[in-house]
Every structure is written in C-alpha cells, then in structure tokens.
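I opened the model to look up its sheets, its helix packing and the contact between its chains. My entries are below, in the order in which I made them.

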Amino acid sequence: MTTESPIVRLTDLRLDRGGRSVLSGINLSVPRGAIVAVLGPSGSGKSTLLSALTGELAPAAGRVEVFGREVPRRSRELLELRKGIGVLLQGNGLLTDLTAAENVALPLRAHTRLPNPLIRRLVLMKLHAVGLGAAADVFPRELSGGMARRVALARALALDPPLMIYDEPLTGLDPIASGVVMSLVRRLNDTLGLTSIVVTHHVHETLPVADHAIVIANGGIVFSGTPAELERSDDPLVRQFLRGEPDGPIGFDAAPRQSEVA
Amino acid sequence: MPFIAATRSLGRAGLFSLSVLRASKPSLDLFRELVREIYKIGARSLPIIAVGGAFVGLSVTLLGYRALDTYGAANQVSAMLGLGLYRELGPVLTALLFIGRAGSSIAAELGLMRATDQITALGLMAIDPVGKAVAPRFWAAVLCVPLLTAFFCSLAICASYFESVHVIGLEAGTFWQVLKDSVDFYDDFLMAFVKSAVFGATAALVAAYVGYHAEPTIEGTSVATTRAVVNASLLVLMFNFVMSAFLFK
C-alpha cells in the first residue's frame, strides 16, 4: 500500500433502491495499488455498492469519489470516467455473437484509433495474460465457466484501467478455476500496477490475496481491517459470516429485492 | 392510472427512438454491424417472403378472376392484383411477415442481452449500448423491409402470371399491359417503398424498445417477444390506414 491519495473514497454514503435504504453510513478509502475485498452475505448490498462506484446508482446521501473526483451524473463525463474502470461482471457479459478475441477488442475499437494489426496484437497479449492465448477465435458458448470468466477479465483489462472492480468473480466456478482466477487477480494487480476491489462472498478464496477486507451486513460496514485482523475478530456477526453458521446476528430470511416484489 | 402510465410509456418510447437516431453516427463499426444485421434479418427472411408472396399472388388472382369474370372483365385481374399489392397487401403483409420472423428475434436477442448482462457490460465499457446493439438493427430493418416488399410483390406477380396465363388461360400480353397501365410508378410503386420503410422503422423500434427494456429473466424475454409481435403488428395496421388515407387519392 502507498501513502498517495486514495483511488476511491466513500464518505457518509447512503444508497437506496426502490425507496428502501440498502446501505448507510459507509466510509471507505481504497489506497492505490491495494486489493480490497468487499465481503458480505448475499443480499447485503455489495453489488449496490459496486453500482455506486460505476455511476449506475446515484447516492441518496454522501459522496462517491473515484480518481479524486466525484462520480459525475452527466452521461458524457460518466462514460469518460468508465474508461478508467475495468469491471468484471458476475455474468461475464461477453457478447455471444463475437469470438473471445472480438470481445476483448471491443473497447479498443470503440475508444482508440489503433490500426487493426496492432489491436489484434494487443488482444492476443491480453488473452495470453489470462492464459487463453489459444482461445482467441473461440465463441463464448464453447468456453467453460472459468475460461469465459478469464476472457471477460482480459476484456476488462483491454484499456489498461488503473482501477479494476470484480463483482462475484468466483460464482459458478470449481475450486481449481477459483484458485486460477484469484491468483490472476493478485498477479495482474501487482504486475500492471492496478488497484482492485473484489466484491464477493467467497471468503476463504479471496482473503489470501487481499490487502484489506471490509464486511458488509445489516445495511452497513461491520468490519474494516486486514485479512489477518478479520480472521482474529471476535465480533459475533463476523464470526457467523466467516464460519457460515445459520444462527446469529445476520438474519437468514432477507427481504426480497424490489424487482422480485414487483 | 392507466392513462398516465400509457402516456409515460409513450414518452419513454419517443425518447428511446430519439436515442437510436442520436446513436446512429456513421462509422466503420456501425457499417460492419449493419451488414451483419442485413444478412440476419433481411437475407434470412427471403424464403418466407417468397413463399408468402407467391401464395398471396395466387389467392388474389383466384379471388379477382371469380369476381371480375361475373362482369366480363377477367382481363383486368392483373390491374386488381397490381393496385392491391403495391398500395396495401405488399407493404402490410411483408411487414407482418417481417415482424414475425425478424421483429421477434430482435426483441428476443435484446432481451437475452439484458438478461445475460451484455447490455450492462457495454455501458460499463463506456460503449453506448443503444449505438452498438439497437442502431444497426433499426437501420437494417429500414433498408430491408422495402427491398423485401419489392421481392414479395415480384413473387406475387410471377405466381399470378403463372395462374392467370397457364391455368386460367388469359392472354399473356394483356396481363402485362393491364398491369403496366394500372400501376403508376410514383403514386403506387414508390409509395409502397415509402410505406415499407415506415413499417420497417416501426417494427424495429417497437421490437427493440420492448426487448431492450425487458425484465432480465427468461420469462421477461418471452413476454417481450410476444409484446413486440403484437404491438408492432397492430401499429403497422394502424399506420397503414393513416398513410393510405393521406397518400392515395
């Protein structure tokens, strides 16, 4: 970690969805070069927090600052900001009618004026970086879950963004694929000088590569510290989450999301 | 209140249409996508348009011959076919077949793109999802439906010629001469193209709007597909009446 100004700063943040407060009183600083794990049970508001970072959801109160300035509301400025953020979505979001290489080339074609041979070379470099150099001309439907996740990772890295956000990167992956993806997160973060925010509920796979961890539950941050401090925490809520116990301060029955109610 | 909800929905659809036009900046990427969509929704629609056109030509010829023969005007069957085809049947039936074949696929594709995070991913890559996913489909429909209408009418006339001359026994020369005399190049032929372009735009916008805003679930995609076909078909029939009332004297 460095002493430079944080790449992401959340101040007294409150986020609402469907007229209901999902998160409140959120204060967080993400230092440059760090991997921050945002942990919490399903439905705790982790993805809502991610939406605020990418400008998809406006805060009900408080501030969200990325790269030292508040996340803009105007679409043109927001698009400019997003060029500096790579997002790996839970569902990958790969365009199914394009090959792996064409998917990775998508942001390069949209935002640069590089000639085709150079784009092809950059795409192959990105695919090599995630260990999929041989899968350039394969369509997403022909890839396994882990391979598709890595193609999506290569695409998120295409524009060399200084900030990477991973939304549930391990969902649906077997233990080996999970290990590969998490070691890639660490390696890419260190070699490319990135800052990474990993939003997940896969505690045991994520903590070994994280520099800092926060736990979200019951509408707020209930823990913030290093992974070692998290392991040592005797907070009953944190203990319940880490050990996966059904009984404790975190209720098993959560309110349904707004879209499911409608 | 249903009226307020309908007004709001109409307003949203209008803004969506404007965003499609705004996102249609000429570029190599748009051109590449456009060619792909023309093949998918235009070229691949040719077989059903051909079959549809041929059977409509056969049916109208049979109906026209029976009605006109009563008055000793069986030779005028190609006039009835030509006017009916270019003014009404060609543009409307082509648009309806297009909606069933391509409109439903536009809605389903966009609905699935929504359900599988592809639209969200485009937005997060700072790529306008409307420009990338909707604009090429819209322009492909605007370009393809007039051409498909021309193809539909050609097949209908060929089928009618075969039936009139080789089955019923009318004079081949009379068939073509009456057809040529009754169909005006500007008032009938070109107006059919104008109507078709409007119907293509309507079909694509309705299908894209409901698909793009579908609930991100399998059921949401299915609902969007049904809604696209029903709403676009009804709008085409309504627009056809309005345009016929103003365009044809």
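**Conventions.** I am working with a predicted model, in which local features need pLDDT of at least 70 and side-chain atom pairs count only at pLDDT 80 or more, while totals for chains, interfaces and linings use all residues. Residues are numbered from 1 along each chain as its sequence is written, and chains are lettered from A and ligands numbered from 1 in the order in which they are written.

**Confidence, chain A.** I looked up pLDDT (the predictor's confidence in each residue, from 0 to 100). Chain A has an average of 87, and 94% of its residues score at least 70. I noted residues 258-262 of chain A, where the pLDDT is below 50. Beyond near neighbours in sequence, that stretch has 3 contacts in the model; a contact here is two residues whose C-beta atoms, placed from the backbone, lie within 7 Å.

**Four-stranded sheet, chain A.** I took elements as DSSP runs numbered from the N terminus: helices are H or I of at least four residues, strands E of at least two. Two strands pair if DSSP finds at least two bridges between them. I found an open sheet of 4 strands in chain A, ordered β2-β1-β4-β5 with antiparallel pairing. Its edges are β2 (20-30) and β5 (69-70) of chain A; each has a single partner strand, so one side of each lacks a neighbour in the sheet.

Strand β1 (residues 8-17) of chain A is joined to strand β4 (residues 61-66) of chain A by 5 bridges, and the two run antiparallel. Thr11(A) has Arg63(A) as its bridge partner in β4(A), and Arg9(A) has Glu65(A) there. Between β4(A) and β5(A) I found 2 bridges, again in the antiparallel sense. Val66(A) has Arg69(A) as its bridge partner in β5(A). These two strands, β4(A) and β5(A), form a hairpin with 2 residues between them, and Phe67(A) in the turn has a positive phi of about 55°.

Which helix lies across β1, β2 and β4 of chain A? I found helix α1 (residues 46-53) of chain A there, running at about 120° to β1(A). For such values, axes are lines fitted to C-alpha atoms, for helices over the stretch in contact, and angles run from 0 to 180 degrees between N-to-C directions.

**Six-stranded sheet, chain A.** I also found an open sheet of 6 strands in chain A, with the order β6-β7-β8-β3-β9-β10 and mixed pairing. The edge strands β6 (85-88) and β10 (220-225) of chain A each pair on one side only. On average, neighbouring strands of this sheet are turned by 15° against each other, direction ignored.

Strand β3 (residues 35-39) of chain A runs parallel to strand β9 (residues 212-217) of chain A, with 4 bridges joining them. Ala37(A) has Ala213(A) as its bridge partner in β9(A). Helix α9 (residues 236-243) of chain A packs on this sheet and touches β9 and β10 of chain A, its direction making about 100° with that of β9(A).

**Helix pair, chain A.** I checked helix α5 (residues 145-156) and helix α6 (residues 175-191) of chain A, whose axes come within 9 Å and cross at roughly 15°. That makes α5(A) roughly parallel to α6(A); angles under 35 degrees count as roughly parallel, over 145 as roughly antiparallel, 65 to 115 as roughly perpendicular and the rest as oblique. The contact includes Arg149(A), Arg150(A) and Leu153(A) of α5(A) and Val180(A) and Leu184(A) of α6(A). By class, I have 5 nonpolar, 2 polar and 2 charged residues in the contact of α5(A) with α6(A). Ala, Val, Leu, Ile, Met, Phe, Trp, Tyr, Cys and Pro count as nonpolar, Asp, Glu, Lys and Arg as charged, and the others, Gly among them, as polar.

**Chain B.** I listed 9 helices and 0 strands in chain B. Its C-alpha atoms fill a box of roughly 70 × 45 × 30 Å, taken along the principal axes. Helix α6 (residues 129-168) and helix α8 (residues 185-212) of chain B pack at an angle of about 145°, with their axes 7 Å apart. Among the residues in contact are Phe138(B) and Val145(B) of α6(B) and Phe193(B), Gly200(B) and Tyr212(B) of α8(B). The contact of α6(B) with α8(B) has 17 nonpolar, 3 polar and 1 charged residues.

**Chain B against chain A.** I counted 10 residues from chain B and 15 residues from chain A in the contact. Helix α5 (residues 118-124) of chain B gives the largest share of chain B's side, 4 residues. By class, that side has 5 nonpolar, 3 polar and 2 charged residues.
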